[in-house]
Amino acid sequence: EDIASQLLFEQQGVNFTSMGVGDDATRLWCGCSDGRAVLLRAGPELADPWSASWLEVFQQCRVSAAFGGHAGLGAVADHAGRLQLWRDQELQVQLLAELRLESGKGKQRG
């Protein structure tokens, strides 16, 4: 059986490292290897079938995980322990919180 497909987003030099879809399936949060993230939106209220918003998330690390949540919430994390929570509301994306997770020094195995 044939499966129909459509190219939704393309930009030269952009490499996705992770993706997370929101609970209503209208938002796709995508982490990129250059430390940015892009939010792809779908919906009948948009002029095009999809719109994109770029997020400057991490300066030094790639986005290693992206999560979609309820009511326009999304989160991105890097491998250095930083986590950011974002909200997309009425086509405006806002950073809500940033956390830094630190591990305690454990015993050295020798």
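Which residues make up the largest nonpolar core? I shall answer that in a moment, after a word on the model. This is a predicted model, in which local features need pLDDT of at least 70 and side-chain atom pairs count only at pLDDT 80 or more, while totals for chains, interfaces and linings use all residues. Residues are numbered from 1 along each chain as its sequence is written, and side-chain values use heavy atoms, with hydrogens and water left out.

Let me now answer the opening question. The largest nonpolar core has 10 residues in all: Trp29, Ala37, Leu39, Leu55, Val57, Phe58, Val63, Ala66, Val76 and Trp86. A nonpolar core here is a set of buried Ala, Val, Leu, Ile, Met, Phe, Trp, Tyr and Cys residues joined through side-chain atoms within 4.5 Å. Buried means under 20% relative accessible area, exposed means over 50%, and partly exposed lies in between, with a 1.4 Å probe and protein chains only. The elements that give two or more residues to this core are S3 and strand S5, residues 63-68. Strands are DSSP runs of E with at least two residues, helices are runs of H or I with at least four, and both are numbered from the N terminus.

Not counting residues up to four places away in sequence, Val76 touches Ala37, Val57, Phe58, Val63, Ala65, Ala66, Arg82, Leu83, Gln84 and Trp86. Contact means heavy atoms within 4.5 Å. Ala77 is found in strand S6, residues 73-78, and is buried, with a relative accessible area of 15%. Leaving aside neighbours within four places in sequence, Ala77 is in contact with Phe58, Arg62, Val63, Ser64, Ala65, Arg82 and Leu83. Ala77 and Asp34 are 43 residues apart in sequence, and their C-alpha atoms are 13 Å apart in space.

I turn next to the sheet. In what order do the strands of the open sheet of 4 strands stand? The order is S1-S2-S3-S4, with antiparallel pairing. Strand S1 (16-21) and strand S4 (50-56) stand at the edges with a single partner strand each, so one side of each is left without a neighbour in the sheet. On average, neighbouring strands of this sheet are turned by 20° against each other, direction ignored. For such angles, axes are lines fitted to C-alpha atoms, for helices over the stretch in contact, and angles run from 0 to 180 degrees between N-to-C directions. In general, strands of a sheet pair through backbone hydrogen bonds, either parallel or antiparallel. Two strands pair if DSSP finds at least two bridges between them. Strand S2 (residues 27-32) and S3 run antiparallel and are joined by 5 bridges. Within S3, Ala37 is the bridge partner of Gly31.

The charged side chains come next. A salt bridge is a side-chain nitrogen of Lys or Arg within 4 Å of a carboxyl oxygen of Asp or Glu, and by this rule the count comes to 6 salt bridges. Arg41 and Asp88 form one of them, at 2.8 Å from N to O. This pair links distant parts of the chain, with Arg41 in strand S3 (residues 36-42) and Asp88 in strand S7 (residues 82-89), 47 residues apart. Another salt bridge joins the side chains of Asp24 and Arg27, at 3.5 Å from N to O. Asp24 counts as partly exposed at 42% relative accessibility, whereas Arg27 counts as buried at 17%. Asp24, Arg27, Arg41 and Asp88 are linked in a network of salt bridges.

Is Asp88 buried or exposed? At 2% relative accessibility, Asp88 counts as buried. A polar contact of 2.8 Å joins the side chains of Asp88 and Arg27. A polar contact is a pair of N or O atoms within 3.5 Å; within protein, one must be able to donate a hydrogen and the other to accept it, and residues adjacent in sequence count only if both atoms are side-chain atoms. A further salt bridge joins Arg82 and Asp78, at 2.7 Å from N to O, and both Arg82 and Asp78 are buried.

Finally, I mention two loop residues. Ala71, in the loop between S5 and S6, has a positive phi near 60° although not a glycine, and counts as exposed at 52% relative accessibility. Leu91, in the loop between S7 and strand S8 (92-100), has a positive phi of about 65° and counts as partly exposed at 44% relative accessibility.
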